Amino acid sequence: MSLLTEFAQRDRVFDFLTPSESPVDVRHGPILYLEDVNVSFDGFRAINNLSLTIDDGELRCIIGPNGAGKTTMMDIITGKTRPDSGSVWFGSRHNLLMKSEPYIASLGIGRKFQKPTVFEALTVFENLELAMAANKKVFPTLTAKMTGEARDRIDEVLATIGLAELRERPAGILSHGQKQWLEIGMLLMQKPRLLLVDEPVAGMTEQEMERTAELLISLAGKQSVVVVEHDMGFIRSIARKVTVLHQGSVLAEGTMDQVSNDPEVIKVYLGEEA
Ligand SMILES: Nc1ncnc2c1ncn2[C@@H]1O[C@H](COP(=O)(O)OP(=O)(O)OP(=O)(O)O)[C@@H](O)[C@H]1O
Ligand SMILES: [Mg+2]
């Protein structure tokens, strides 16, 4: 075992030595910083010298063909996959490569997977309540009787995700799109600083996609949001800065117009819908 790996694992055991309450420091730089990250799976380099920074409050779109490494990048940020080399920092204080997956989540990095995992038998309200109860850091005093503060937070999130009217309905009756919004709401209950959203509009109707665009735009600023998506119409509707990943590296970065006119990007997407 390399000295570095050994050190990293030792540090992970002692996560509590750097309490997750210690704030994310963005005074001198980005909220998320990846540098020269490499990951190989059985000799195949899925992430190849990947360097990327996300600013605090930014809404960043990540696009790229199948297998470009977009999901693997999220796996690395959330601690699910450990890179072979490189650095990943959350603000200037938290070296994410030294932290466990639950600890990274507790620092305020929320991840939305493609398949919604709401509790269908519970009401919309109860789903949010449960998501909040899971986080002792935000609501340490949550007991059987819900505090006013907690109730306010749920109301706030219900308004944000546009499900206030359906609060007492079981989540099982929600449409596919509404379930996705509820799951985003469940992440918001944790008061994340950074939200990672992988293919949010797959399977949504046009109308649901429009609502999702509004939702993600409204979240930016309050938190940083990284959106991976293949639907170019959707990306265009929310795009500020867009990063194109290809073969595990950044191929291009800029406005939607800049990247979609980039000859290298066109070459990579030739024959695809973009
Ligand atoms: N756990 C794993 N074991 C082996 N190979 C993997 C693993 N995870 C990802 N890969 C490979 O790494 C490459 C990048 O995969 P990844 O899922 O990150 O791509 P992606 O950009 O998210 O693609 P898509 O747009 O299809 O979701 C692919 O070739 C994939 O097969
Ligand atoms: Mg993927």
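These legends go with a set of close-up views of a predicted model.

Because the model is predicted, local features need pLDDT of at least 70 and side-chain atom pairs count only at pLDDT 80 or more, while totals for chains, interfaces and linings use all residues. Residues are numbered from 1 along each chain as its sequence is written, and chains are lettered from A and ligands numbered from 1 in the order in which they are written.

**View 1. The shell around ligand 1.**
Ligand 1 has F41, A46, G64, N66, G67, A68, G69, K70, T71 and T72 around it; a residue is near a molecule if its C-beta atom, placed from the backbone, lies within 6 Å of it. By class, the shell holds 3 nonpolar, 6 polar and 1 charged residues. For this count, Ala, Val, Leu, Ile, Met, Phe, Trp, Tyr, Cys and Pro are nonpolar, Asp, Glu, Lys and Arg are charged, and the others, Gly among them, are polar. Which helix gives the most to this shell? That's α2 (residues 70–77), with 3 residues. Helices (H or I, at least four residues) and strands (E, at least two) are DSSP runs, numbered from the N terminus.

**View 2. The sheet of 4 strands.**
Here the order is β2-β1-β4-β5, in an open sheet with antiparallel pairing; two strands pair if DSSP finds at least two bridges between them. The edges are taken by β2 (44–54) and β5 (94–95), each with a single partner strand, so one side of each has no neighbour in the sheet. Helix α2 turns up again here: it packs on the sheet, touching β1, β2 and β4 (85–90), and its direction makes about 65° with that of β2. Contact between two residues means that their C-beta atoms, placed from the backbone, lie within 7 Å. Axes are lines fitted to C-alpha atoms, for helices over the stretch in contact, and angles run from 0 to 180 degrees between N-to-C directions.

**View 3. Bridge partners along that sheet.**
Strand β1 (residues 32–41) pairs with β2 in the antiparallel sense over 7 bridges, and V39 stands opposite I47 in β2. Strands β1 and β4 also run antiparallel, joined by 5 bridges; L34 has V88 in β4 as its bridge partner. Between β4 and β5 there are 2 bridges, again antiparallel, with W89 opposite N95 in β5. Take a look at the hairpin of β4 and β5: it has 3 residues between the strands, and G91 takes a positive phi near 65°.

**View 4. The sheet of 6 strands.**
This open sheet runs β6-β7-β8-β3-β9-β10, and its pairing is mixed. At the edges sit β6 (109–112) and β10 (249–254), each pairing on one side only. From one strand to the next, the twist averages 20°. Strand β3 (residues 59–63) and strand β9 (residues 241–246) run parallel, joined by 4 bridges, and I62 has T243 in β9 as its bridge partner. Helix α7 (residues 206–219) packs on the sheet, touching β3, β7 (194–198) and β8 (224–228), and its direction makes about 145° with that of β8.

**View 5. Helix α4 against α5.**
The axes of helix α4 (residues 124–133) and helix α5 (residues 148–161) come within 10 Å and cross at roughly 120°. That makes α4 oblique to α5; angles under 35 degrees count as roughly parallel, over 145 as roughly antiparallel, 65 to 115 as roughly perpendicular and the rest as oblique. On the α4 side you'll find F125, L128, E129 and M132, meeting A150, R153, I154 and V157 in α5. The contact of α4 with α5 counts 6 nonpolar, no polar and 2 charged residues.

Is α4 roughly parallel or oblique to α6? Helix α4 and helix α6 (residues 176–188) have axes that come within 8 Å and cross at roughly 30°, which makes α4 roughly parallel to α6. V124, N127, L128 and A131 of α4 make this contact with L182, G185 and M186 of α6, for a tally of 5 nonpolar, 2 polar and no charged residues. The axes of α5 and α6 come within 9 Å and cross at roughly 145°. There, V157, T160 and I161 of α5 meet W181, L182, I184, G185 and L188 of α6. The contact of α5 with α6 splits into 6 nonpolar, 2 polar and no charged residues.
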